[in-house]
Amino acid sequence: MGRFTVIGAGALGTLFAVRLSEAGHEVEVVVRRAERKAEIEAAGLRLIDAVSRSEEQSARAVITAFPRVRLWGEEEAFGENNGREPHFILLAVKQSAITGELGLELGRRMGSSAWVVCLQNGIGHLETLAAHVPAERLLSAVTTEGAMISTAGEAVYTGCGMTWVGAAGKERTEVSEIAQKNLVFWLQLAGFSASMSKNISSRIWQKLLINAVINPLTALLRVPNGELLNLPGAGELMRALYEEGVTLARALDIRLEPDLWEQLLEVCRRTANNRSSMLQDVMAGRLTEIDAITGGLLRVADRSGIALPTHLTVYRLIKATEGHRL
Ligand code: KPL
């Protein structure tokens, strides 16, 4: 079985840590706060499965796992308290938490044989990490699994999705392919739908374009995802953001599936009652992922000499509201 270090115990980190533990893998979770560590050690990491159980049942269907927990600032290498390096380090922190300092720490503590798997939305973090982590040890994962943190602090599994795994850099090596195959196999054993992707940058961009339409608009209009399909004028805004994103992707030679617009509408329908992560951040007065999503598009567009006027407006509006608790 696999040895996993999951960095971050938010919604996605908890989902992966709990399901991997349940499947019999060795899991270690790394958190930043001592109180969070104590909480997990005392009560375990809890996941409410609202996907395979009905709503009334799911409140009781809590899956609890007791992974090893450690603090981010500790000196020893990952897996050391267990005597063995992890096979995979799942980086499940927000994109905005991926700084040079985090990359440096990760590079120092990852050991020589682990693979770092990035689960973040948006773009830009791989470049930050590649300055500190050997580029050939970096994997990128794009996931459409849905999870959110409940008011009680448990993670709720809200939507079954798909996870694609690929090499973060351009070079394709045999060892990286073997690692990707292992990861996919172990994720599948834990009940996830997972697959290797030879063109992960297309997957990254497709998710980016979907996030860049749904997330800021739901955050600005304060509506759940499905409402975008009903509000007057929202359809035009969605389409304008989408078209600008597609123009940029085409200019960069990024291949997009022809039915991407339909996929975007399907995400709104499938997650109709969910609040996007950006809306949740805005409502809680937290910083959002706007710099990684819309900001990421704007930075690339700027380098390519392409204007994205609707994205720029949306970016400025989110920046103006960010950080004020509603
Ligand atoms: O990924 C999402 C998010 O909430 O971050 C959705 C809304 C499903 C797509 O943008």
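What follows is a short tour, from a sheet to a domain interface.

First, the ground rules: this is a predicted model, with local features needing pLDDT of at least 70 and side-chain atom pairs pLDDT 80 or more, while totals for chains, interfaces and linings use all residues. Residues are numbered from 1 along each chain as its sequence is written, and side-chain values use heavy atoms, leaving out hydrogens and water.

Start with the sheet. Four strands make it up, open and mixed, in the order β4-β3-β10-β9 (strands are DSSP E runs of at least two residues, numbered from the N terminus; a pair needs at least two DSSP bridges). Zoom in on I48, which sits opposite V156 in β10.

Next, colour by domain: 3-198 is domain 1 and 201-321 is domain 2, with bounds from an automatic or database domain assignment. Between them, about 1500 Å² is buried, 53% of it from carbon and sulfur atoms (accessible area lost on being put together, 1.4 Å probe, summed over both parts). Show K94, N121 and I123: this trio supplies 41% of what domain 1 buries against domain 2, more than any other three residues.

Last stop: which residue forms a salt bridge with K94? Select D281, where the closest N and O atoms are 2.3 Å apart (the rule wants a Lys or Arg side-chain nitrogen within 4 Å of an Asp or Glu carboxyl oxygen). Across the interface of the two domains, the rule finds one salt bridge.

How values were computed: Buried area = accessible area lost by both parts, 1.4 Å probe.
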